[in-house]
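Have the structure open as you read.

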Amino acid sequence: MKNRSLIKKALIALASGFAFITAIILLGSCNGFGKLGGGVDSTKGLKDFYADYFPIGVAVSPRSLEGEQGELIKKNFNSLTAENVMKPALIQPKKGEFNWADADKIVEFAQANGMKVRGHTLCWHAQTGQWMYQDSLGNLLPKEEALANLKDHITAVVSRYKGKVYGWDVLNEIVVDDTSAAKVYRESSPWYKVAGTDFIPLIYKWAHEADPDAILFYNDYNTENPIKRDKIYNMLKGLLDQGVPIHAVGLQAHWKLNDPTEENLRAAIDKFSSLGLDVQLTELDITVNMGRNDPDSTFTAEREQKQLEQYKMAFNVLRDNKKKITGVTFWNVSDRGSWLDRGGKKAYPLLFDENLKPKKAFWAVVDF
Ligand code: XIL
C-alpha cells in the first residue's frame, strides 16, 4: 500500500511537471522563439522589422565595414551611404585625379550583401577641392570654367556608379537658415558666388544625362522648420515647373531631443510630397547634447527616455507615411563614434550603444 501511494504520488508529480514544462513551451511559442520579454524578436535586425515599410540605411566609412561593426551593419541595414568618401574633395581631390578605391569598397560591400547605395554628394559648399572653383591665387574662376569642372566631376562620378548607386544627393544645403523669408540661398557658397543660382538646373541635368535611371535628390537640414521648409519648397517648385529632373527630397534629420515636433515633421513630409517628390530621411541622428550651454552632455536616464520618445514619435510618423517615405538612413553606426562627438562631449545620437548593443530606443522603434 505504502509503495503504491508513493508510486501514485511520483506519477502525479511527474505528470504535473510535464504539464508545467508543456505550458512553458506553449507560452514561449505564442510569444515566438527568440523573442524578448517585450514581445520583440531579438534575432531580427532593424531592416527586417521595417521590411514592409522602407529600406534602412547607414552612413559608413570603408573601415567601419570590417569586424564586428561590419556584422552589425549586415544584420541591421540594407542601404549604405558613404559618410565622406564620395564627396567631391575626397573622390576628386585634384583636377582629373580620382580616388575611386574607397568609394568602390563601399559599393562592393553593398553589392556582396544585397544592399542599396545612396550617393552623397555631387555639389556642396563644403568638402570640395578649391581647384574646382578657384585659381591658385584664390580668385574665383570664370563661371564657364568652374561650371565645366563641376560638369566633368558630376559626369565622371555618376557614370562610374551607374546602375550601382540608385540615387544621388545632387545638391546639398544651398538654402540658408536665416529666419528672414527674403533670404533664400546660401550666398557664401562658392557655387553661388560663381554662378548665382544658374548652376542648380544644370547640375540636375548633368546628373540625369549621366544616369537617366538615378533618383535625384535635393538634400538639406532643418527641413522641418516651417520657414526653411517653405523656402526649400518654393525653390523646388520653381525648378520642377521648369522641368528640372528632381525626384526626391532628403531630410537630413540631424535632430534634437525636442526638435522637430511631431506636427512640424508631419507637415514637412506632406508639403514636400505634395510636389510629387519622394521623401527620405538621409542622415538621421538625435543628439542628447543640448548645445553650447550643456557642460557635460552625459547620457542620463532622463535623456535616454527623451531620446527614446523622440525616436518612437519619428518612426510612428514614418510608418504612417510609408507611401511617401522611400528610405531612412542613420548617420553613423553606433554611439561608439558619431560625427557629433566633439571637444570631449559625446552626443549618443544613435540606436546602438558604445558596445554596439541595441539601446532602449532601438527596442522602442521596432516594437509596433
Ligand atoms: C559630415 C561627416 O559625418 C564628417 O565626418 C565630416 O567631417 C563632415 O561632414 N550634412 C551632410 C554630411 O550632408 O555630409 C555631413 O557629414 C553632416 C552634415
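For sorting residues, Ala, Val, Leu, Ile, Met, Phe, Trp, Tyr, Cys and Pro count as nonpolar, Asp, Glu, Lys and Arg as charged, and the others, Gly among them, as polar. On that scheme, the shell around the ligand splits into three nonpolar, six polar and four charged residues. Keep in mind that this is a predicted model, where local features need pLDDT of at least 70, side-chain atom pairs count only at pLDDT 80 or more, and totals for chains, interfaces and linings use all residues. Numbering runs from 1 along each chain as its sequence is written, and side-chain values use heavy atoms, with hydrogens and water left out.

**The ligand site**

In total, 13 residues surround the ligand, and the closest are Glu83, Lys87, His120, Glu283 and Trp331 (a residue is near if one of its heavy atoms lies within 4 Å).

| Side chain | Ligand atom | Distance |
|---|---|---|
| Asn84 | oxygen | 3.0 Å |
| Glu173 | nitrogen | 3.2 Å |
| Glu283 | oxygen | 2.8 Å |

The protein covers 78% of the 420 Å² of accessible area that the ligand has on its own (Shrake-Rupley method, 1.4 Å probe).

Glu173 sits in the loop between strand S4 (167–172) and helix H7 (190–195); helices (H or I, at least four residues) and strands (E, at least two) are DSSP runs, numbered from the N terminus. With a relative accessible area of 8%, Glu173 is buried, a label that means under 20% (1.4 Å probe, protein chains only).

Ala253 isn't a glycine either, yet has a positive phi of about 65°. You'll find Ala253 in the loop between strand S6 (248–251) and S7, and at 1% relative accessibility Ala253 counts as buried.

**Two cis peptide bonds**

Which residues are joined by a cis peptide bond with omega about -5°? They are His120 and Thr121, and Thr121 belongs to strand S3 (residues 116–123). His120 is also one of the residues closest to the ligand.

Another cis bond runs from Asp259 to Pro260, with omega near 5°. Pro260 lies in the loop between strand S7 (254–256) and helix H10 (262–273).

How values were computed:
Polar contact = N/O pair within 3.5 Å; in protein donor to acceptor, adjacent residues only side chain to side chain. Buried < 20%, exposed > 50% of the residue type's maximum accessible area, 1.4 Å probe, protein only.
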